[in-house]
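Notes below, in the order I went.

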Amino acid sequence: MSEALRVGIAGLGTVGASVARVLAEKASELTRQCGRPIAVTGVSARTRGRDRGVDLSAAQWFDDPAELAAWDGIDVFVELIGGDEGPALACVTAALEAGHHVVTANKALLARHGLALAKIAEAKGVLLNYEAAVAGGIPVIKTMREAMAGNAVTRVFGILNGTCNYILTRMEAEGISFEDCLKDAQRLGYAEADPTFDIEGHDTAHKLAILTSLAFGSRISADDIYMEGISNITQADIRAAGELGYRIKLLGVAQRTESGIEQRVHPTMVPTASVIAQVHGVTNAVAIETDILGELLLSGPGAGGNATASAVVGDVADIAKARPGFQHGPVFGRPVKELTPYKKARMRTHEGGYFIRLTVHDRTGVFAAIAKRMAENEISLESIVQHANGANTESQKTVILVTHETTEAAVRKAVDAVTKDGHLVDKPQVIRIERAA
Ligand SMILES: NC(=O)c1ccc[n+]([C@@H]2O[C@H](COP(=O)([O-])OP(=O)(O)OC[C@H]3O[C@@H](n4cnc5c(N)ncnc54)[C@H](OP(=O)(O)O)[C@@H]3O)[C@@H](O)[C@H]2O)c1
């Protein structure tokens, strides 16, 4: 039997404790699969005495995770602290510099510092594995990095945040407001006390930034992501979407276009019959569209101790299986120096269909005036209806428009013109429609 792979785990919270437990409970199975045992030799967290639900007495304790990262008693450093700066950045850097392989679930860290860290990993000839950082337990990184060689990706999109999908699913199923749904999600532990990071799209954006780099061989550029969250989605939108044959999902989408690569996170209408529309609750899904394969959809648990630990343990097992002299694949699918600068496509050039919901004064001629503004901007309408379920009163009416393929610039111009005409009683709602199989 070969020598054990020695693992140091920093962070023993939801994910870290689950990883330690899975490594202990599945020790013999993992040994058989990897051809050698995996031993946790060192651990670090903030609070030393805390019960983690797993016996860690055989592992050496480190108050400072950076010290564990550089310790010569490990071969692999597993970072499960979180955060894009501070201890996580310091200890992952220290581990790579020390020539240790690294496994992390930290999307924020990779979205910000992924390239710099990948550079160190390449220079040191070690692996930086991060399957759990995108869509939790779904093996999307491995699929894109290893199983799709030769495929040219044209678009990758997904439901990458369980909290948002849970809220949208319940809003639709139970007819309750965004605010009530969010409160319930917080009570049940599906949403953080400060939910901004999830519901305004930041979490989805971090994961998307990583997927974009893998898909298009471009440098990670998390600051170039167009972002809208779900807090403005109302029951009126959800009902109107349903009647038109759509469902609203918060999607992260990266797409190659003539003017560059689009990276966008926003509420999106997808056809109710599409596969991604059937992904409910906290479940995540990633669709990858390529020239050879067509569209592939992976779905499964995107968070939670066990699901995330499954991905982390898979990454550790890959390292245990690798033999000396084995050539590691590049961190983001190609060597850092071959990643191209990210060429941003401006959101105004985005092309697609649009759903527009307008609450208007109930006056003669408003309908015709709206249609005229659309025509002036060369927007062809699939439908324009006065909507029965909107905020209709004696003095105001809801008008719903669905456009054929047009540009974001045209839609913004037309909606601005309608607003300036003084027909609106409320802020206009614009939701992009996404093609999905
Ligand atoms: N939770 C999920 O479902 C999930 C899914 C996918 C990815 N992730 C990612 O996995 C990572 C961990 O998430 P989590 O949910 O497990 O977080 P968590 O439950 O908050 O655990 C964080 C752990 O880090 C430790 N820690 C914090 N500061 C430290 C420091 N300065 N030195 C040493 N240890 C420190 C904490 O110690 P104490 O326990 O002593 O306080 C705790 O054990 C994050 O990057 C997250 O984005 C999580």
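I started with Glu408, which counts as buried because its relative accessible area is 3%. This is a predicted model, so everything here is read off computed coordinates. Glu408 meets Arg432 in a salt bridge, side chain to side chain, at 2.8 Å from N to O. I placed Arg432 in strand S17 and Glu408 in helix H14 (residues 408-420), so the bridge ties together parts that are 24 residues apart in sequence. Arg432 is buried as well, with a relative accessible area of 3%.

Next I asked how many salt bridges a search of the whole structure finds. I got 26. One of them pairs Arg357 with Asp237, 2.5 Å from N to O. Those two sit 120 residues apart, Arg357 in strand S13 (residues 351-361) and Asp237 in helix H11, so I noted a link between distant parts of the chain. Buried or exposed? Asp237 is buried, at 0% relative accessibility, and Arg357 is buried at 11%.

I stayed with helix H11 (residues 235-244) for a moment. Besides Asp237, its buried residues include Gln235, Ala236, Ile238, Ala240 and Ala241. Just after H11 I found Gly245 with a positive phi of about 90°.

Another bridge joins Glu289 and Arg435, at 3.5 Å from N to O. Glu289 is in strand S11 and Arg435 in the segment after strand S17 (429-433), 146 residues apart.

I found Arg264 in strand S10, and it counts as buried because its relative accessibility is 0%. Its side chain makes polar contacts with the side chains of His266 (3.0 Å) and Glu434 (3.0 Å). Its other neighbours, leaving out residues up to four places away in sequence, include Leu208, Tyr226, Met347 and His350.

Then the nonpolar side. The largest nonpolar core has 81 residues, and Ile230 is among those that touch the most other members, along with Phe77, Tyr130 and Phe332. Ile230 touches Cys164, Ile167, Phe178 and Pro267, among others. Apart from that core lies another, of 33 residues, including Leu5 and Ile319.

Last, the surface. Leu188, Tyr190 and Val282 make a nonpolar patch of about 260 Å². Val282 is in the loop between strands S10 (260-271) and S11 (283-290), and counts as partly exposed at 37% relative accessibility.

Terms used:
Residues numbered from 1 in each chain as written. Predicted model: local features only at pLDDT ≥ 70, side-chain atom pairs only at ≥ 80, totals over all residues. Heavy atoms only, no water. Patch = residues over 30% accessible without salt bridge, like charges linked within 9 Å, V, L, I, M, F, W, Y side chains within 5 Å. Areas by Shrake-Rupley, 256 points an atom, 1.4 Å probe, with all protein chains shown as cover. Salt bridge = Lys/Arg side-chain N within 4 Å of Asp/Glu carboxyl O. Helix = DSSP H or I, 4+ residues; strand = E, 2+ residues; numbered from the N terminus. Buried < 20%, exposed > 50% of the residue type's maximum accessible area, 1.4 Å probe, protein only. Polar contact = N/O pair within 3.5 Å; in protein donor to acceptor, adjacent residues only side chain to side chain. Contact = heavy atoms within 4.5 Å. Core = buried A, V, L, I, M, F, W, Y, C linked by side-chain atoms within 4.5 Å.
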